[in-house]
Amino acid sequence: NIDPFIKHFIDLGHDKEATEEAVKICGKVPQQVAGYLSEYQYYANLGYSRQLIYQALRLFGSDRTQTFQFFNSFNRVYSDTDLIEALNYFQGDFTLTAKFLSGLSQLQEMGLENSKAKAALYSTRCDVQAAAAVVLESS
């Protein structure tokens, strides 16, 4: 049984999963869901992955400038919390944010604890080798 509200958008030709995601973000407000689905379709037609589109719309809404900076900087989904925290720290610099999140993933793969890895990356301006050394020296 599909919710009639969601079924209405599917009947109009929209993707079921994207419609469900839109309702999670916008509630059952028809104009907002339609706007979300329009933005989703725009990015999907440009070839961006479904998960990246969902994250971009969740974080940046209809701000296409921010969304394109996001798409140009990231090719995988990171935690919303880590991404927003890093974007705020680096004052909206997507390049440094991408470098930070990539470095954080590398340090986590090395088994380093998340908050120590973050602090070390911030203090070394995202230098993964230097950050690893800082964390290991403090252990």
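At 6% relative accessibility, Y40 counts as buried (buried means under 20% relative accessible area, exposed over 50%, partly exposed in between, with a 1.4 Å probe and protein chains only). This is a predicted model, in which local features need pLDDT of at least 70 and side-chain atom pairs count only at pLDDT 80 or more, while totals for chains, interfaces and linings use all residues. Residues are numbered from 1 along each chain as its sequence is written, and side-chain values use heavy atoms, with hydrogens and water left out.

**Overall build**

The chain has nine helices and zero strands; helices (H or I, at least four residues) and strands (E, at least two) are DSSP runs, numbered from the N terminus. Read from the N terminus, the order of elements is α-α-α-α-α-α-α-α-α. The radius of gyration is 18 Å, well over the 14 Å that the globule rule gives for 139 residues, so the chain is more spread out than a compact globule. That radius is taken over C-alpha atoms, and the globule rule is 2.2 Å times the number of residues to the power 0.38. Along the principal axes, the C-alpha trace spans about 60 × 30 × 25 Å.

Of the 139 residues, 39% count as buried. Among contacts in the chain with a separation of 6 or more, 35% come from residues 24 or more positions apart; contact means heavy atoms within 4.5 Å. The chain exposes about 7700 Å², and carbon and sulfur atoms supply 49% of this area (Shrake-Rupley method with a 1.4 Å probe; for residues, only the protein chains shown count as cover).

There are 12 positive and 16 negative side chains, and the centres of the two sets lie 2 Å apart. Lys and Arg count as positive and Asp and Glu as negative, with His and the chain ends not counted; the place of a charge is NZ of Lys, CZ of Arg, CG of Asp or CD of Glu.

| Residue | Helix | Relative accessibility |
|---|---|---|
| E21 | α2 (residues 16-26) | 12% |
| Y40 | α3 (residues 30-45) | 6% |
| T97 | α7 (residues 94-109) | 0% |

The contacts below leave aside neighbours within four places in sequence. For E21, the partners are Y36, Y54 and R58. Y40 is in contact with A18, R50, I53, Y54 and L57. T97, in helix α7, is in contact with F74, L83, A86, L87 and F90. As for distance across the chain, the C-alpha atoms of Y40 and Q106, which are 66 residues apart in sequence, are separated by 30 Å.

**The loop between α8 and α9, and the cysteines**

R125 sits in the loop between α8 (114-123) and α9 (128-138). Its phi is positive, about 55°, although R125 is not a glycine. C126 is found in the loop between α8 and α9, and its phi is near 75°, a positive value in a residue other than glycine. C126 is buried, with a relative accessible area of 2%. C26 also counts as buried, at 14% relative accessibility. The structure holds zero disulfides, a disulfide being a pair of cysteine sulfur atoms within 2.5 Å.
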